[in-house]
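Subject: Structure handover

Hello,

Here is the structure you are taking over. My notes follow below it.

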Amino acid sequence: MPLLANNAPAANLSGLEAIQAADGWAIAITGTVIVFSALAAISLFIGVLPRLLAACGPWLPEIGSHHDAPVSAASTGPPDDRAKRAAAAAWAKHHDGGG
């Protein structure tokens, strides 16, 4: 990749000298600024999100509260004896290390 490579002859540089020779300080600062900007944008979005959702409330109505007990669609009465036995067997197998 000759467009990205430095045409200067390679020297045996290490540590801070290598960073200086390869313009590493500018790359490090640029990367830091990009990451900081992205994290700041995410933080601002999270901060504004409650107000944004409150403003969208008329268009996104709340269907039900997450505090309500779940509604079972299968049956409304008490479980039969077979279901109780199956639940007990599954619990015993689980606690015995069977799976």
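Helices (H or I, at least four residues) and strands (E, at least two) are DSSP runs, numbered from the N terminus. This is a predicted model: local features need pLDDT of at least 70, side-chain atom pairs need 80 or more, and totals for chains, interfaces and linings use all residues. Numbering starts at 1 along each chain as its sequence is written, and side-chain values use heavy atoms, without hydrogens or water.

Overall picture. The chain has three helices and zero strands, in the order α-α-α from the N terminus. Of its 99 residues, 1% count as buried (under 20% relative accessible area; exposed is over 50%, partly exposed in between; 1.4 Å probe, protein chains only). The accessible surface is about 9,300 Å², with 68% from carbon and sulfur atoms (Shrake-Rupley, 1.4 Å probe; for residues, only the protein chains shown count as cover).

Asp 23 sits between helix H1 (16-21) and H2. Asp 23 is not a glycine, yet its phi is positive, about 60°.

Helix H2. It covers residues 24-55 and includes Leu 39. H2 bends by about 45° at Leu 49, with Pro 50 following within four residues. The bend is the angle between axes fitted to the seven residues ending there and the seven starting there.

Leu 39. This residue counts as exposed because its relative accessibility is 54%. Leu 39 also belongs to a nonpolar surface patch of about 660 Å², together with Val 35, Ile 42, Phe 45, Ile 46, Val 48 and Leu 52. Patch residues have over 30% relative accessible area and no salt bridge; like charges are joined within 9 Å, nonpolar side chains (Val, Leu, Ile, Met, Phe, Trp, Tyr) within 5 Å. A salt bridge puts a side-chain nitrogen of Lys or Arg within 4 Å of a carboxyl oxygen of Asp or Glu.

Best wishes
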